Amino acid sequence: FIFSTDVTRIAGYNQTTPMSLRSRLGGSDGSVLDQFHGEYEFDGYTVQLHSKRGNDNGVVLRYGKNIIDLEQEENISETITGVVPFWSDMDNTETVTLPEKVVYSSYASRYSQKLTVPLDLSGDYEDKPSVTTIRAAAQSYIAQNDLGVPKVSITVSFVNLRDTAEYSDIANLETVNLCDDVHVQFEPLGIDATAEVVECVWDVLADRYNEGTIGSL
C-alpha cells in the first residue's frame, strides 16, 4: 500500500498490539481517522487521507420545492431544539440545574413543536459548577452541534426523475462528486444546512449517475 495525506492536524497515535490495518485506518477508537480526522480516498493500493475530499460547487436544493422526501420529513420532526443541562455529583446527592430549566436553540421559535433532551454535564466538572457555567456549557453545546438545524437525509433517483418536469430543478446534482458539499434550504423554517454527497451510484454502461444520497456533515 502507498499512503499520502494533506492533513496538517497534530495528534497522538499509539499502537502497542497487533491489529488489522483496516481497523487502524478507521472505524475504531484511536484509529488514524479517529485521531487525525479527514476523508479517505481509495484507488487500488493507493490510500489518500484528505482533510476535505470534496468541493463546494454552489449547488443548492430547496426543500419543499424541488426536494420532497418522507424520510426528511421525519428528520425535521425529530430535530432537537433545546437541552436541559444538569450536573450531579458521583453520589447523586447534589444536582445543579438552571432556573429556566431549558436552553433553546436560536431556531427553536421556528418550530410548531419543540423537542428538548437532557444534557448531562456531570463528567465535565469535578467540582460543583455554577449556574452560569452550566448555562454557558449548554449554549456552547448547542452552537457546536447545530441544534435546531434539520439533519439532511435525501436520496435522489435520477433514473426515475430524468423524464419528469422536476428533473430540471435537480439536474445540477449530476455535476457533483462524492464528498462534495450541497446547500439545502428549508425555506418554511428560514434555515440553511450544509450536507455532503455520501453516496453515488454510477451506471458505467450508460455513463451517467443513477442515484445520489445526500447526508448531514
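The legends below describe close-up views of a predicted model.

**View 1. Asp-89 in the loop between strands E5 and E6.** In this predicted model, Asp-89 sits in the loop that runs between strand E5 (82–88) and strand E6 (95–96). Its relative accessible area is 17%, and because buried means under 20%, Asp-89 is classed as buried. Although buried, Asp-89 has no salt bridge, and the nearest side chain of opposite charge, that of Lys-128, is 8.8 Å away; a salt bridge would require a side-chain nitrogen of Lys or Arg within 4 Å of a carboxyl oxygen.

**View 2. Asp-89 and Tyr-63, shown together.** Between Asp-89 and Tyr-63 the separation in sequence is 26 residues, whereas their C-alpha atoms are 45 Å apart in space.

**View 3. The largest cavity and its lining.** One cavity of 30 Å³ or more is found when the whole structure is searched, and the volume of the largest cavity is about 70 Å³. Phe-158, Leu-173, Val-176, Val-197, Cys-200, Tyr-209, Gly-212, Thr-213 and Ile-214 make up the lining of this largest cavity. Two or more lining residues are given by each of strand E11 (191–203) and strand E12 (208–216), and E12 supplies the largest share, with four residues. In terms of residue class, the lining of the largest cavity holds seven nonpolar and two polar residues, and no charged ones.

**View 4. Lys-101, a residue with positive phi that is not a glycine.** Lys-101 is placed in the loop that links E6 with strand E7 (103–104). Its phi is positive, at about 70 degrees, even though the residue is not a glycine. With a relative accessibility of 47%, Lys-101 counts as partly exposed, because that class covers values between the 20% limit for buried and the 50% limit for exposed.

**View 5. Asp-146, in the loop between helix H4 and strand E9.** The loop that holds Asp-146 lies between helix H4 (131–144) and strand E9 (153–157). Asp-146 is not a glycine, yet has a positive phi of about 50 degrees. The relative accessibility of Asp-146 is 47%, and Asp-146 therefore counts as partly exposed, whereas Asp-89, in View 1, is buried at 17%.

Note on methods:
Residues are numbered from 1 along each chain as its sequence is written. This is a predicted model: local features need pLDDT of at least 70, side-chain atom pairs count only at pLDDT 80 or more; totals for chains, interfaces and linings use all residues. Side-chain values use heavy atoms; hydrogens and water are left out. Buried means under 20% relative accessible area, exposed over 50%, partly exposed in between (1.4 Å probe, protein chains only). Lys and Arg count as positive and Asp and Glu as negative; His and the chain ends are not counted. On a 1 Å grid over the protein atoms alone, a cavity is a set of points where a 1.4 Å probe fits but cannot get out, and a pocket is an open set with protein on both sides within 12 Å along at least five of seven lines; lining residues have an atom within 4 Å of a point. Grid points are joined across faces, edges and corners, and a volume is the space filled by probe spheres set on the points. Ala, Val, Leu, Ile, Met, Phe, Trp, Tyr, Cys and Pro count as nonpolar, Asp, Glu, Lys and Arg as charged, and the others, Gly among them, as polar.
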